[in-house]
Amino acid sequence: MGGIKTEEAFAKNWAQLVELPAVTRPKPLVWTPERVAHWKKTGEKPGPVMVWTPEQTGQFLDSVKGDRLYSLWHTFVFSGPRRGEMCALPWPEVSLDALWLHISAQIVEVAYRQYGEALKAESVRTNWLSLDHGEVLSRWQDQETKELNEWAGVEARVESDRVWTHENGEPLHPDWVSRRFKRLVELSGLPPVRLHDLRHISATLALLGKADIKVVQERLGHSSRQITSDTYTSVLPEMMRTEAESTLSVVPREVAYDVHQQREISPNAFRGNVAVLFAHGARYTGSTWVVGAQTGPRAPSSERFTPSAGAKSTRPTPLSNGSGTTAPVRLWRYFGSRT
């Protein structure tokens, strides 16, 4: 009986000759009004990966504000972790004082059984939290501590250091988290997204907020910047619209206008040949912008534009001063000239 020489059979890696089919990552699609209308009419999703707009995301968070695990959904939206990472996250890896959470492990589900495993080095990361996010987690920690105290002495109580658990301290199962999220989305009335889609939503919101793509890559635990760029850079209409507007703005053009009231602008407002004015507020009425302005934040009354007799004025919604309070102002249509 014949055979082959062992040293020749294993001298070559035959697996290298196998060509695998190319894997195409599905591009996230945003839930535009047109797609939402089609979904409501037919029940069909435009694609496997769907992304809410910022407004829709806010509506979801408002709808689940009273849910026991609101802090978990908040974290999915604003940190973009994987569900297994959040199910494995322990309290020692969260700092509510320094405002960060360190992600280094995850729960893997096999036939509904859970197994903990360490993340690959390129996926280990520290996500920094906003002050609001820190307050959300702090309130959750107080609530969880209260619940566990109520279960003291009960045999069903489970001792766990996990951040998110059931009322008795039992860790959350990743599949349970997905099913809970799906039900909350249905109750909200919003178009459907998967729990994993919140990871895509978090990335697109960060990019829309002008976050550096390298920072987004590290926050998501992507192995390369290219994956982040290819997946997210054109998903939101707002991003494309901003790019289109910024491109248009670099080309100077003449703008037609009508003079409604001639005003004199103080020389103090000019920086070279350009007048710099501080706006109180603005409103668009018909085809005209109504703007109120002064030459500086504490400009004297002589350098503030106030309606004179016969001037066409209106009372718009004032702009906030950043502290949450506003003051009514009267604005008018005008074009100024240098004195």
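## Aromatic pairs and nonpolar cores

Both Trp52 and Phe60 are buried, where buried stands for under 20% relative accessible area, exposed for over 50% and partly exposed for what lies in between (1.4 Å probe, protein chains only). The model is a predicted one, in which local features need pLDDT of at least 70 and side-chain atom pairs count only at pLDDT 80 or more, while totals for chains, interfaces and linings use all residues. Residues are numbered from 1 along each chain as its sequence is written, and side-chain values use heavy atoms, with hydrogens and water left out.

Rings of Phe, Tyr and Trp (its six-membered ring) pair if their centres lie within 6.5 Å, and planes under 30 degrees apart count as stacked, over 60 as edge-to-face and the rest as tilted. By this rule there are six aromatic pairs, and two of them are set out here.

| Pair | Centre to centre | Angle between planes | Class |
|---|---|---|---|
| Trp52 and Phe60 | 5.1 Å | 35 degrees | tilted |
| Phe60 and Phe181 | 5.4 Å | 70 degrees | edge-to-face |

Phe60 has a relative accessible area of 0%, and Phe181 counts as buried at 1%.

A nonpolar core is a set of buried Ala, Val, Leu, Ile, Met, Phe, Trp, Tyr and Cys residues joined through side-chain atoms within 4.5 Å. The largest such core has 43 residues, among which Trp52, Phe60, Leu72, Trp73, Trp164 and Phe181 touch the most other members. Helix α4 (residues 70-79) gives the largest share of this core, five residues.

Terms used. Helix = DSSP H or I, 4+ residues; strand = E, 2+ residues; numbered from the N terminus.
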